[in-house]
Amino acid sequence: DNSSFKESNFIDFNSYDLSGRTFVNEHGITYFLRFVDCNDYRTDVNFGYNYIGTDFANGEEDFDKLWEALDNEFYALLDNMTLVVDGEEYSSVQASSTWCDAKGEIGPENQCYIEAEYPSISFEASTHISLVYNGTEIVIK
């Protein structure tokens, strides 16, 4: 019975070019928005990034050696990133841990993925939804 499951609003940004959907932190890591999933329980925001060649990595390429520090970089980004829905700001409530596709099984080799969770929002009823980090805005709707 499909009435048991609530539909979500899944917005896939993977087919878009990167312009207008990236944040760059102070250590040179570029996070790009992959998708947003708004449902009755939460709003999931998924980012991809690559740390190799950044000031942060300082020449290190082994993910296992940087994994915990990479998570902390993203958590610091979240401290300054808000979900803005029709002028109302929301902070993240939790975040996942980084997964790195070292072998390039689902995308580019060494591409990393991480997700933040925000409170549930009414996607359909909202007129403007965006993510804002240090004055940079990614428009979702």
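Strand 5 and strand 6 form a hairpin with two residues between them, and Asp-86 in the turn has a positive phi of about 50°. Helices (H or I, at least four residues) and strands (E, at least two) are DSSP runs, numbered from the N terminus. The model is a predicted one, in which local features need pLDDT of at least 70 and side-chain atom pairs count only at pLDDT 80 or more, while totals for chains, interfaces and linings use all residues. Residues are numbered from 1 along each chain as its sequence is written, and side-chain values use heavy atoms, with hydrogens and water left out.

Pairing of strands requires that DSSP find at least two bridges between them. Strand 5 (residues 81-85) pairs with strand 6 (residues 88-90) in the antiparallel sense over three bridges, and five bridges join strand 5 to strand 10 (residues 129-133), again antiparallel. Val-84 has Glu-89 as its bridge partner in strand 6 and Ser-130 as its bridge partner in strand 10. Five of the five residues of strand 5 are buried (under 20% relative accessible area; exposed is over 50%, partly exposed in between; 1.4 Å probe, protein chains only), so the strand is largely enclosed by the rest of the structure. Met-81, Leu-83 and Val-85 point one way from strand 5, whereas Thr-82 and Val-84 point the other way.

Beyond four places in sequence, Phe-47 is in contact (heavy atoms within 4.5 Å) with residues including Phe-74, Met-81, Cys-112 and Leu-131.

Asn-46 lies in strand 4 (residues 43-49) and is buried, with a relative accessible area of 6%. The side chains of Asn-46 and Glu-115 are joined by a polar contact of 3.1 Å. A polar contact is a pair of N or O atoms within 3.5 Å; within protein, one must be able to donate a hydrogen and the other to accept it, and residues adjacent in sequence count only if both atoms are side-chain atoms.

The structure holds zero disulfides, a disulfide being a pair of cysteine sulfur atoms within 2.5 Å. The cysteine sulfur nearest to that of Cys-100 belongs to Cys-112, 3.3 Å away.
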